[in-house]
Amino acid sequence: MSLFKARDWWSTVLGEKEEFDQGCLCLADVDNSGNGQGTEMLHLAVLHSRKLCVYSVSGTLGNVEHGNQYQIKLMYEHNLQRTACNMTYGSFGGVKGRDLICIQSMDGMLMVFEQESYAFGRFLPGSLLPGPLAYSSRTDSFITVSSCRQVESYKYQVLAFATDADKRQETEQQKLGSGKRLVVDWTLNIGEQALDICIVSFNQSASSVFVLGERNFFCLKDNGQIRFMKKLDCSPSCFLPYCSVSEGTTNTLIGNHNNMLHIYQDVTLKWATQLPHTPVAVRVGCFHDLKGVIVTLSDDGHLQCSYLGTDPSLFQAPKVESRELNYDELDTELKELQKIIKEVNKSQGISFQAADVDVGTDLVPSITVKVTLQNRVVLQKAKLSIYVQPPLVLTCDQFTFEFMTPEMTRTVGFSVYLKKSYTPSELEGNAVVSYSRPTDRNPDGIPRVIQCKFRLPLKLICLPGQPSKTASHKLTIDTNKSPVSLLSLFPGFANQSDDDQVNIMGFRFLGGSRVTLLASKTSQRYRIQSEQFEDLWLITNELILRLQEYFEKQGIKDFACSFSGSMPLQEYFELIDHHFELRINGEKLEELLSERAVQFRAIQRRLLTRFKDKTPAPLQHLDTLLEGTFKQVIALADALEENQDNLFQSFNRLKSATHLVILLIGLWQKLSADQTAILEAAFLPLQEDTQELGWEETVDAAISHLLKTCLSKSSKEQALNFSSQLNIPKDTSRLKKHITLLCDRLAKGGRLCLSTDAAAPQTMVMPGGCATIPESDLEERSIEQESTELFTNHRHLIAETPTPEVSPLQGGSE
C-alpha cells in the first residue's frame with residue numbers, strides 16, 4: 001500500500017449503469033480552441049460495434065452563467081459489415097496531411113478507411129481472437145498480439161498489395177505468382193495474452209513498442225527484439241508509456257487491480273500512489289496551464305483528473321495504553337466465557353440464518369444432536385457417520401475417533417436443519433459406527449458396524465398453523481381407547497389465539513403446505529386432512545407414535561390403532577404417474593442434449609479447420625449455427641437440471657406417500673412388525689432413483705416376487721419366471737395393477753413371509769428377514785466362538801461383544 005494518494009483535482013461519474021474499457025477514453029484538443037495541439041482539421045472518431053462515425057466538435061463562448069457551449073456535427077459514417085473490436089489511426093503509407101483509420105473486427109479482419117471511402121480489408125493469417133492493435137508511423141506497420149500469444153508486425157504495403165479479403169480462395173492467376181500473400185514482418189513469442197500496445201517515438205530515428213501483458217510489460221525495438229521487460233507484482237489493468245525528461249528513457253504509468261498507479265522509469269519503480277478506483281484507461285494531459293494531469297477512467301464510469309502529491313495522510317494510530325497484565329482477572333474472565341460456551345452447547349434447539357437455505361423464511365429452525373460413544377476395549381480409527389433424509393442437512397456428518405484405553409467416553413454434537421422448500425419423507429436419522437477389532441488370526445481387525453436410530457422433532461420442519469375444516473384428502477384413524485386432548489399430545493403447537501385446540505389443531509410445514517388434525521369428541525377416532533395427499537404421512541405417523549407413548553406412560557399396554565376406510569390407491573397412483581412422467585421427460589432431454597452436443601462439436605471442428613487454413617474459405621453462416629447450437633445446449637442443460645430437481649422432489653413426495661400407504665395397509669390388515677418390514681423392503685428399495693435404476697421397475701419386480709411366492713393363489717403362479725434385468729417400463733399400468741392385486745390378496749387373507757412356500761409358518765421368519773452371512777469357514781467358527789451380531793434394516797443392532805456404544809438422542813425432543 002502506498003503512503004501517498006493521488007490528489008483529486010476534478011472528478012465526475014459518467015453515464016448510469018454503463019461499462020467502460022480502455023478504448024473509451026480520448027484526450028485531445030478536440031474543439032480546436034488553439035491551445036496546445038489544436039488544429040482546424042482535428043476531428044473525433046467514434047467506433048461502434050457496427051458503425052464508424054467521425055464528428056466535428058466546435059465550441060462557442062457562453063454569455064450567461066451556463067458557461068461555454070459545444071456542438072457536435074456528424075461529418076461522415078461507415079456502416080460495418082462485421083462486428084468491430086478496436087481501431088487505430090495514422091498516416092498509413094506515408095500519406096501527408098490526413099489520417100487513415102484501421103478497424104479490427106471480431107473475426108480478425110483489418111478494414112482500412114480513407115476519409116469517406118473504404119480502401120480494403122485483409123484477414124490476418126491464423127487469427128482466432130482479436131488482440132490489441134497499434135500503428136507505428138516510423139516503420140509504417142501494424143502491430144498486434146495474436147491468440148498464439150506472440151507479437152506480430154505487418155507492413156502496410158504488404159497489407160495493401162495482398163490478396164483481397166473478399167476473395168477467400170486464391171485464383172489461378174495468383175497461384176502462378178502475380179498476386180502477393182499476406183506475410184508477417186516479424187514475430188515475438190511473449191507467452192501470455194496482452195492487454196494493450198503503445199508506440200513511443202524518441203525521435204525520427206528511434207521508437208519503441210510497449211506491450212502490457214497479464215504478468216509482465218515489454219519494451220521492444222522496431223525489429224521485434226526485446227529492449228527490456230519487467231515482471232509485475234500485481235495484475236495490471238492499463239498502462240501509458242511516454243518520453244521521460246531524461247534523454248533515452250521512458251516513463252510508464254501502470255494501473256493495477258489493487259487500485260494502485262505505479263510510475264516506472266524503464267524498469268525502475270519511481271513512484272506508487274493510491275487511486276479511489278481500478279483504472280481501465282489512463283492518459284496524461286495539460287489543463288489550464290496545469291501540466292502532467294493524470295486522467296483515469298474506471299469500468300463503472302468514474303472519471304478523475306489527479307496529480308501526484310507529497311502530503312501523506314494525517315491519520316495516526318492512537319497510542320496503546322500500557323498497563324500490567326492481571327493474570328488472576330484474565331483467568332476469571334476465561335472461566336466465565338467457557339461457562340457461557342458450555343451453556344450454549346447444552347441448548348437443545350436454536351434458530352439461525354443460513355446463506356444457502358431456500359425455504360421461504362428468514363429464520364430456519366435447527367436442532368442440536370449429541371451422540372455419545374463408549375468403548376470396552378482398545379479400538380483404533382472408529383468412524384461415526386450420521387444420515388438424515390434430504391432436504392434435511394447436517395453441519396457435520398463424519399467423525400473419527402481413537403479409543404486408546406478401555407472405558408473411554410466421547411461425545412460429539414452437530415446441528416440439523418431444513419435446506420430446501422419441501423418436506424422430508426421421514427424424521428428418522430441414523431448414527432452408524434464402523435470400526436475394526438483385531439483378533440489373534442487377523443491383526444488388521446475384522447470390520448464391524450453398529451448403528452442407532454433417532455427421531456428428530458416435528459418442530460424442525462413444521463410450525464403451528466391455522467386449522468381448516470375442509471380439505472381435498474382425509475384419513476380417519478380408529479383407536480380402542482378414549483380420545484386424548486391434542487394439547488397434551490402436541491404441547492409445542494398450541495396457538496394462543498384459538499381456545500378450541502383440544503379437538504382441532506393446525507400444522508404448517510416450512511414448505512408452505514398445511515395439515516389439520518381433528519379429534520372426535522364422542523368416538524375414538526382421529527381425522528387428518530390436507531390439500532396434498534403425501535402431506536398426511538408425517539402428521540399421521542407422529543399422531544400414532546405420540547398416542548403409543550402417551551398410553552405407555554399411563555401403563556396401558558393393549559392400545560391399538562386401526563384403519564377401516566378404503567385404501568387411497570388412486571391418489572397414490574397419481575403421484576406414481578407424475579414421478580414416472582418426469583423420468584421419461586429427463587430421458588428425452590438427455591437424448592436431445594447429447595444430439596446437440598455432437599452437433600456443437602462437429603461445427604467447432606469445421607470452424608477450427610477453416611480458421612487454421614492459411615487462405616480460409618467463407619464461413620457460410622457456421623458462426624451463426626454455432627451460436628444457435630450453443631444456446632440450445634445451454635437451454636437443454638438448464639431444462640435437464642430443472643427436471644432433475646423436480647424429479648428429486650417428486651421422488652421425495654412419492655416416498656412420503658409410500659410410507660403412508662404401508663402404514664395404512666399395516667393398520668388395515670393388522671400386520672406384524674416383520675410383515676411390515678417386508679412391505680417396506682418391497683416398496684422402498686432405493687434411497688434415490690436414477691435413469692439407470694428407477695423406483696418403478698424395482699418395486700414392480702419386488703411386488704411380482706411376493707405375488708408369485710407368499711401371496712400366490714396356486715402352484716402355477718409360483719412357476720412363473722420374471723426377467724432378471726430391470727429396465728424402465730413403457731408405462732405404469734403393470735405396476736399399478738400389481739399394487740392393486742397385492743392389496744386384494746392381503747384383503748382375502750394372504751400373509752407376507754420370506755419363504756417360497758406360501759403355507760410356511762410365520763415363526764420360521766427371522767426378525768427383519770435377514771441374518772449375518774459368514775464369508776468363510778474360519779470366520780464362521782470365529783463368530784461361533786464370540787457372540788453373534790444381528791443386523792436388520794429397521795431394528796437397533798444387538799451386540800454382546802465389547803464394542804462402542806451409541807447412546808440415544810440427547811438433544812432433540814420438543
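Student: Which residues lie nearest the centre of the largest cavity?
Tutor: Leu 124, Ser 127, Thr 144, Ser 146 and Glu 152 do, out of 14 residues that line the largest cavity. A cavity here is a set of points on a 1 Å grid over the protein atoms alone where a 1.4 Å probe fits but cannot get out, and lining residues have an atom within 4 Å of a point.

Student: And which elements give two or more residues to that lining?
Tutor: Those are β10 (141–145) and β11 (150–155). Strands are DSSP runs of E with at least two residues, helices are runs of H or I with at least four, and both are numbered from the N terminus.

Student: How do the lining residues divide into nonpolar, polar and charged?
Tutor: There are six nonpolar, seven polar and one charged. Ala, Val, Leu, Ile, Met, Phe, Trp, Tyr, Cys and Pro count as nonpolar, Asp, Glu, Lys and Arg as charged, and the others, Gly among them, as polar.

Student: Before I go on, what should I know about the model?
Tutor: It is predicted: local features need pLDDT of at least 70, side-chain atom pairs count only at pLDDT 80 or more, and totals for chains, interfaces and linings use all residues. Residues are numbered from 1 along each chain as its sequence is written, and side-chain values use heavy atoms, with hydrogens and water left out.

Student: Back to Ser 127, is that residue buried or exposed?
Tutor: Ser 127 is buried, as its relative accessible area is 13% (buried means under 20%, exposed over 50%, partly exposed in between, with a 1.4 Å probe and protein chains only). Ser 127 sits in the loop between β8 (117–123) and β9 (133–136).

Student: What does Ser 127 touch?
Tutor: Leaving out residues up to four places away in sequence, Ser 127 touches Asp 107, Gly 108 and Phe 611. Contact means heavy atoms within 4.5 Å.

Student: New topic: which residues of α8 are buried?
Tutor: In α8 (residues 673–683), they are Gln 675, Ala 677, Ile 678, Leu 679, Ala 682 and Phe 683. Their cover includes α6 (569–612), α7 (622–669), α9 (695–708) and α11.

Student: What about α11, how far apart are its end C-alpha atoms?
Tutor: They are 21 Å apart, which agrees with the 21 Å that its 15 residues (733–747) should span at 1.5 Å a residue. The expected span is 1.5 Å times one less than the number of residues.

Student: What follows α11?
Tutor: Gly 749 does, with a positive phi near 105°.

Methods. On a 1 Å grid over the protein atoms alone, a cavity is a set of points where a 1.4 Å probe fits but cannot get out, and a pocket is an open set with protein on both sides within 12 Å along at least five of seven lines; lining residues have an atom within 4 Å of a point.
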